[in-house]
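Colleague: I would like to go through this model feature by feature. Please give me the rule each time, then the case.

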Amino acid sequence: GLDKGVWPDVYLQHDSQQGAARRKVIDSGKSPLTSRLQKGINSFQHFIDGLSTLCRQHRLSAGRFPSAPSDTPAIREIRHPPAPSRGIRHAVRRLRIRQPIRGVPPRYKSTKKSNRMVTFTQIPDNNTPLGGAVVYAFACDTPQTVDLRVTEAESGTLLGVRRFVEASAAECDIAPMLRRALRFTPATGSTGVRPATERQVTACVELRAEAAEEVLATAPERTFPGCRTAPAGPTILTTMPENRLIAPDESDELLLFTDAAETVTVRAQSHAFLLVYRYSIPEAGLWLFHLAARNFPGAESLTVDAGACGTVRYTVATVPDGAVRLAWRSSEGSVEQCTFPTVRSASVAAEKERVCGPDGLAGAAAELERRELLVSAFEPAEVLEALGEVLATPDVWRAADGEYEGVDVLTEEAVVRRYGTMSTLELEIRPKRKNRMPWN
């Protein structure tokens, strides 16, 4: 009593034979039904069987479910759960269709790392000065786009990036990126030794793939001092001479480069006493020694002996009232200081902002600019040569009451040497910030 269009080998009992487990099965869990829903399911099964490229007789003789072609969805099975207690209902499980994988879908990002080889072919030596070129070079086995990233080693701050497009080999001078990171002011406080971390840059350079986080190569960390030439050994990085003048309330500093632990000895001498002070440098590197003359009251001379680095001698002398002491960043990366005893002239320039009302013009605001023309003492040529750097240096400060205020140097030309005579140097300065005075 089977309905028309239904194959009897499709319907099996719930406890079917083992051979049927290897076939396409519609297992309803009970005897065949003649309901309208069952007929629809049987017709659907007949349609599925017709899709196979093998005949039904071959499938039965093989005793297993034939494998579908690689480009044809594979149909696993269709099963019916036991009928619910109310009514005759059968739920058809959704067909699981396996599609052939033909590559990585475009909506997914491949995480496979690049196998291309990138290596550094040139890395600068440690303590390479920033006054010259700091060149890194690399090579690739195949042309590719590479980002060279420069970061500050301790903080991880990004200092600069340079991209090379489809490069097989390239080189890059990172000195301009590192020079921008040198930002410091003159030291203040008491006499002592301090690490000169702000006078140098410790950087890390790495190569990365274009617009990716994959690191292709990393160079070891290097420390670059802000000096003009590489130190050949322990030395004092300075442009001023060894014999200097200092007032009792002034200070000075020495930038020391050492290759081992060192001891700095200060001898304060007068006609009545001789005092000796020692300050320790714990390890090799770049160190700053700050000398405050007020810490040695009554001294007529101060001698700073930095061991293998060198010796600087100071003569303590008073300066006239109104003298101006300038500090500037030298080409050796140090801060040099000198006192200009004479202020030849001072001028004030005002820039007003005016508004026009019913009563006429009225001042709304004004900016005051004070300019001073400084004249140095009669100095030897070596001192004037060092003072000549003030015209070009990016950082100049004016010392007052132990503090330093940035100033702008307006002078663009000066005579630093005259044959057979000592000369003076004249500089015109103004504050970096204008004094704005708003009016109601």
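Predicted model: local features only at pLDDT ≥ 70, side-chain atom pairs only at ≥ 80, totals over all residues.

Colleague: How many helices and strands does the protein have?

Modeller: Helices (H or I, at least four residues) and strands (E, at least two) are DSSP runs, numbered from the N terminus. Here there are 4 helices and 27 strands.

Colleague: What percentage of the residues is buried?

Modeller: Buried means under 20% relative accessible area, exposed over 50%, and partly exposed in between, with a 1.4 Å probe and protein chains only. Of the 440 residues in the protein, 37% are buried. The exposed surface comes to about 26500 Å², and carbon and sulfur atoms supply 50% of it; the areas come from the Shrake-Rupley method with a 1.4 Å probe, and for residues only the protein chains shown count as cover.

Colleague: What share of the contacts joins residues 24 or more positions apart?

Modeller: A contact means heavy atoms within 4.5 Å. Among contacts with a separation of 6 or more, 63% are between residues 24 or more positions apart.

Colleague: Which residues touch the most other members of the largest nonpolar core?

Modeller: A nonpolar core is a set of buried Ala, Val, Leu, Ile, Met, Phe, Trp, Tyr and Cys residues joined through side-chain atoms within 4.5 Å. The largest one has 29 residues, and those touching the most other members are Y136, F138, L148, V150, I174, L178 and L207. At least two residues of this core come from each of β5 (118-122), β6 (135-152), β7 (158-173), α3 (175-179), β9 (200-209) and β10 (215-218). β6 gives the largest share, 6 residues. Another core, of 22 residues, lies apart from it and includes I236, L254, A299 and V304.

Colleague: In what order do the 4 strands of the open sheet run?

Modeller: Two strands pair if DSSP finds at least two bridges between them. The order is β8-β17-β14-β12, with antiparallel pairing. β8 (192-195) and β12 (235-237) are the edge strands, each pairing on one side only. From one strand to the next the twist averages 35 degrees; axes are lines fitted to C-alpha atoms, for helices over the stretch in contact, and angles run from 0 to 180 degrees between N-to-C directions. Inside the sheet, β14 (residues 251-258) and β17 (residues 285-292) are joined by 8 bridges, and S251 stands opposite A292 in β17.

Colleague: How many salt bridges are there?

Modeller: Side chains of opposite charge can pair when their charged atoms come close. The rule asks for a side-chain nitrogen of Lys or Arg within 4 Å of a carboxyl oxygen of Asp or Glu, and the count comes to 15 salt bridges. One of them pairs R149 with E206, with the closest N and O atoms 3.9 Å apart. R149 is in strand β6 and E206 in strand β9, 57 residues apart.

Colleague: Is E206 buried or exposed?

Modeller: E206 is buried, at 12% relative accessibility, whereas R149 is partly exposed at 23%.

Notes
Residues numbered from 1 in each chain as written. Heavy atoms only, no water.
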